[in-house]
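Me: Can you walk me through this one? I'll ask as I go.
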Amino acid sequence: MQKNPTYQEVLNFLQTDQTDKCNYVLDKFVCADFAEQVQNNAEIAGYNCAYVDISFTDNAGHACNAFNTTDRGLIFIDCTNSLEGGGPYNGDCIVNIVKGSIYKPQYLFNSGGWYNLPMGTVKSYTVYWD
């Protein structure tokens with residue numbers, strides 16, 4: 001049975017989870033696959049984790065994850081590694097998702113000076129806990 005983790009438990013999980021080390025491969029392993037793998041790994045580790053489907057105003061889409069932490073409430077995590085040929089040692093990011101706001105993941109751990117560009121304006125999003 002899974003439980004809602006604390007924020008620190010999410011950080012500990014992400015530091016051991018290796019999903020962010022996978023390579024983004026167009027039409028083979030994309031953001032949806034990263035989000036599904038994180039969700040599966042979190043549930044194996046005993047934590048409730050949601051899959052989040054995001055639509056941007058330019059009709060592009062994206063996927064990430066959510067955890068309903070016991071001490072900080074709902075947080076959104078993006079572990080999609082789209083940096084080919086380099087990047088931070090840990091690609092796990094936190095992101096604020098609000099309809100009408102810019103989607104820009106921020107690295108959770110030392111990024112070595114790397115940063116993410118904004119991906120678009122959030123048109124809508126759906127959180128799936130199953």
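Reply: First, a definition: two strands pair if DSSP finds at least two bridges between them. Bear in mind that this is a predicted model.

Me: OK. How many bridges join β5 to β7?
Reply: There are 2 bridges between β5 and β7, and the strands run antiparallel. Within β7, Gly120 is the bridge partner of Tyr103.

Me: And β1 with β7, parallel or antiparallel?
Reply: Antiparallel, over 6 bridges, with β1 covering residues 50-56 and β7 residues 120-128.

Me: Which residue in β7 stands opposite Phe56?
Reply: Val122 stands opposite Phe56.

Me: Switching to helices. Which residues of α1 are buried?
Reply: In α1, residues 7-16, the buried ones are Tyr7, Val10, Leu11, Phe13 and Leu14. They lie on the same side of α1, because they cover an arc of only 165 degrees around the axis.

Me: Why would residues spaced like that point the same way?
Reply: An α-helix has 3.6 residues a turn, so residues three or four places apart point the same way.

Me: What do the buried residues of α1 pack against?
Reply: They pack against α2 (31-44), β2 (61-69), β3 (73-78) and β4.

Me: How far apart are Val98 and Glu9 in space?
Reply: They are 24 Å apart, C-alpha to C-alpha, and 89 residues apart in sequence.

Methods: Residues numbered from 1 in each chain as written. Predicted model: local features only at pLDDT ≥ 70, side-chain atom pairs only at ≥ 80, totals over all residues. Heavy atoms only, no water. Helix = DSSP H or I, 4+ residues; strand = E, 2+ residues; numbered from the N terminus. Buried < 20%, exposed > 50% of the residue type's maximum accessible area, 1.4 Å probe, protein only. Arc of directions from axis to C-beta. Contact = heavy atoms within 4.5 Å.
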